[in-house]
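Here is a walk through one protein chain. Keep the sequence and the model side by side as you read.

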Amino acid sequence: MSSRKILVLNGPNLNLLGTREPEIYGYATLDDIAQRLAARGAELGFAVDCRQTNHEGVLVDWLHEARTQQVHAVLLNAGAYTHTSIALLDAIRAIQLPVIEVHLSDPETREPFRHLSYVGMAAVDCIKGLGPDSYIVALERAAAL
Ligand code: CA2
């Protein structure tokens, strides 16, 4: 396995993917997405470590961990914390690693409260609105960095 690593961090409620609101988020589960990421990552020469938590501070801890573990890049779907979390903004700025913001839906076409992204203030790129393919496109962008 490659020693080059891409970390994929998923925030609150994304553990429910594939079970609720399929009209917005589709039918793929997070495990399905993780498997696709692992396969595409292997083709690109990267190990993909895909995680999910419902807790803001755990996302902050994992971002800090990325800095010490020679991670090539981070893909971050912070879920609703995208729109609320100055702590995540500060963590992304602090780790000095490329972070790509990922969303299944396109938050800018949804409710106004989803239009602001604190993650986007520090991320190097944002891939959104492609369903599970958002993660694959983001992985390809990350691999090319
Ligand atoms: O489109 C995305 O990926 C979002 O990050 C998803 C978040 C939402 O708060 C962001 O505005 C956009 C919500 C994730 C909730 O995931 C669910 C999955 C299945 C059923 C219910 C919620």
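Is the crossing of H2 and H5 left-handed or right-handed? The crossing of H2 and H5 is right-handed. Bear in mind that this is a predicted model.

Stay with this pair of helices. Two packed helices are described by the angle between their axes and the distance between the axes. The axes of H2 and H5 come within 10 Å. They cross at roughly 30 degrees. Angles under 35 degrees count as roughly parallel, and H2 and H5 are therefore roughly parallel to each other.

Which residues make the contact? On the H2 side they are Leu30, Ile33, Arg36, Leu37, Arg40, Gly41 and Leu44. On the H5 side they meet Asp133, Tyr135, Ile136, Leu139, Glu140 and Ala143. Sorted by class, the residues of this contact are eight nonpolar, one polar and four charged.

Look at leucine 44 in helix H2. Beyond its sequence neighbours up to four places away, leucine 44 touches Arg4, Leu139, Glu140 and Ala143. Now compare chain and space. Leucine 44 and alanine 144 are 100 residues apart along the chain. Their C-alpha atoms are separated by 9.2 Å.

Next, turn to the nonpolar cores. In soluble globular proteins, nonpolar side chains tend to be buried together. The largest nonpolar core here has 22 residues. Which of them touch the most other members? They are Ile6, Val8, Ile33, Leu37, Leu75 and Tyr135. Several elements give two or more residues to this core: strand S1 (5-10), helix H2 (30-44), strand S3 (71-77), strand S4 (99-103) and helix H5 (133-143). H5 gives the most, with six residues. A second, separate core has 20 residues, including Leu7, Val60, Leu76 and Leu97.

Isoleucine 33 is then in contact with Leu17, Ala28, Leu104, Pro132 and Tyr135.

Another pair of helices comes next. The axes of H3 and H4 come within 9 Å and cross at roughly 5 degrees. That angle makes H3 roughly parallel to H4. In H3, the contact residues are Glu56, Leu59, Val60, Leu63, His64 and Arg67. In H4, they are Ala87, Leu88, Ala91, Ile92, Ala94 and Ile95. How many of the residues in the contact of H3 with H4 are nonpolar, polar and charged? The contact has nine nonpolar, one polar and two charged residues.

H4 spans residues 86-95, and leucine 89 lies in this helix. Buried means under 20% relative accessible area. Leucine 89 has 6% relative accessibility, so leucine 89 counts as buried. What does leucine 89 touch, not counting residues up to four places away in sequence? The answer is Tyr118, Met121 and Ala122. Valine 119 is 30 residues from leucine 89 along the chain. Yet the C-alpha atoms of leucine 89 and valine 119 are separated by 5.3 Å.

Finally, visit the loops. Glycine 131 is found in the loop between strand S5 (125-128) and H5. Its relative accessibility is 16%, so glycine 131 counts as buried. Glycine 131 and tryptophan 62 are 69 residues apart along the chain. Their C-alpha atoms are separated by 24 Å.

Glutamate 21 is found in the loop between S1 and helix H1 (22-25). Its phi is near 50 degrees, a positive value in a residue other than glycine. At 41% relative accessibility, glutamate 21 counts as partly exposed. Glutamine 70 lies in the loop between helix H3 (56-68) and S3. Phi of glutamine 70 is also near 50 degrees, again positive in a residue other than glycine. Is glutamine 70 buried or exposed? With a relative accessible area of 72%, glutamine 70 is exposed.

Terms used:
Residues are numbered from 1 along each chain as its sequence is written. This is a predicted model: local features need pLDDT of at least 70, side-chain atom pairs count only at pLDDT 80 or more; totals for chains, interfaces and linings use all residues. Side-chain values use heavy atoms; hydrogens and water are left out. A nonpolar core is a set of buried Ala, Val, Leu, Ile, Met, Phe, Trp, Tyr and Cys residues joined through side-chain atoms within 4.5 Å. Buried means under 20% relative accessible area, exposed over 50%, partly exposed in between (1.4 Å probe, protein chains only). Helices (H or I, at least four residues) and strands (E, at least two) are DSSP runs, numbered from the N terminus. Contact means heavy atoms within 4.5 Å. Axes are lines fitted to C-alpha atoms, for helices over the stretch in contact, and angles run from 0 to 180 degrees between N-to-C directions. Angles under 35 degrees count as roughly parallel, over 145 as roughly antiparallel, 65 to 115 as roughly perpendicular and the rest as oblique. A crossing is left-handed if the near helix is turned anticlockwise from the far one by less than a right angle, and right-handed if clockwise. Ala, Val, Leu, Ile, Met, Phe, Trp, Tyr, Cys and Pro count as nonpolar, Asp, Glu, Lys and Arg as charged, and the others, Gly among them, as polar.
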